[in-house]
Amino acid sequence: MMKKIFSNKRMSRALFLRCQRICFQSSSQHMFISTNGTIKKLQNPEDPHKYYKWGYKPLPVQTSLDHHVPEFAIRSPKFKLPKLNKERLTRKKLREKFVEMQKARINLEKLSRNRQLLVSLAEVEEEWMKSYGLIETQKLSQFYGINHDLYEGIDVMLETLLEISFCNAKVYRGNFLGINDVLYAPTKVAFNTNDDFLYTLVLSNLDGHPLDRNKELVHWVITNIKGSDLSSGHIMYDYLPPVPWKGTGFHRLVFSLYKHHSLLSLVKINDQNSLVSRTFSTSDFISSNNLLPVGLSWFQVQWEDSVTELCKKLSDLTEEPIFDWNEYIEPKKENILLLTKLNEIKYRNM
């Protein structure tokens, strides 16, 4: 039988060995080779598979255990992928309807074509803050390393947006402000409140302590705030303008909001005009008073000439700390300066 099948000289030896191995392994003898060299198996009533594949192993027979243990059950041939979320489809349809409605407005189309269509940025920002404000604030706080430095790496779930404005500037999420813009306390602090809680607002400089890198420089603390009215709270630390030291780059000043059930019995610090009294640790403050963070907002500042005058407010500083790098001098120029000094010393002693 094998001689008749492989009488054609064009059949390769690899195909011959393959066919021989399949013949010995197969339990069925209903096998033949077509003229184009493909191996086929005749269909049996007991075998639903038409073609015999190399290395094929039949599926296990179902038992009663398959009904009790779904992990061992054979997937049904009528398996279908899960349907898309209905909310996603409805959102897409709503977006398409909105686009169609806008296209139907002839005046809007004319204004857009003539480049006279004006978009209110305030409305766009308000809509964005309602939809994505909290999520983006949490992502940005991780990007700026605020969770790492303020809460010792713990991820915080925010509950409200914190809107803070000074006289001539508004605090967003890491924007740059000048020292003259933040010389006085904020004029507006707004956030969503719950009548069942009291709130505490803290402003601290994460990069401002010149002696201990694990500590912060606190600038403002108000406790036991009822609602969003800051005048109802207790001032623990008076407002101190930012004092970024020269040569230390940008400093992150973070407004953090906390909620708590009971009143905090904290006394106002008497000597607030010193670096020692302004040394602060937010993580210790939270753990000791059982506070829960609910809001974040921050800005960045760097050294300016006005910082020199602000440093005089701290009584334990004799002079302004400077962390600037030494001026770089080229090797050739440095060599000339050294030779000049050497000659001066040489002729001075003559």
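**View 1. Aromatic pairs, with Tyr237 and Phe280 in close-up.** Across the whole structure, a search turns up 10 aromatic pairs. Rings of Phe, Tyr and Trp (its six-membered ring) are paired if their centres lie within 6.5 Å, and their planes count as stacked under 30 degrees apart, edge-to-face over 60 and tilted for the rest. Tyr237 and Phe280 make an edge-to-face pair, because their planes stand at 85 degrees, with the ring centres 6.5 Å apart. This pair links distant parts of the chain, 43 residues apart: Tyr237 belongs to strand β9 (residues 234-237) and Phe280 to strand β11 (residues 279-280). Helices (H or I, at least four residues) and strands (E, at least two) are DSSP runs, numbered from the N terminus. Both Tyr237 and Phe280 are buried; that term stands for under 20% relative accessible area, with exposed over 50% and partly exposed in between (1.4 Å probe, protein chains only).

This is a predicted model, so to speak of local features takes pLDDT of at least 70 and side-chain atom pairs count only at pLDDT 80 or more, while totals for chains, interfaces and linings use all residues. Residues are numbered from 1 along each chain as its sequence is written, and side-chain values use heavy atoms, leaving out hydrogens and water.

**View 2. A ring cluster and two charges over rings.** Here you can find Phe143, Tyr144 and Trp298, linked into a cluster by ring pairs. Lys246 has its charged end over the ring of Trp303, 4.9 Å from the ring centre. Likewise, the charged end of Lys259 sits over the ring of Phe197, at 4.3 Å from its centre. For a charge to sit over a ring, NZ of Lys or CZ of Arg must be within 6 Å of the ring centre and within 35 degrees of the ring normal.

**View 3. A three-stranded open sheet.** The strand order is β4-β3-β6, and the pairing is antiparallel. At the edges are β4 (170-171) and β6 (188-190), each pairing on one side only. Strands pair if DSSP finds at least two bridges between them; β3 (residues 163-165) and β6 are joined by three.

**View 4. Helix α5 and the residue with positive phi.** Helix α5 (residues 106-113) lies largely in the open, because zero of its eight residues are buried. After α5 comes Arg115, with a positive phi near 60 degrees.
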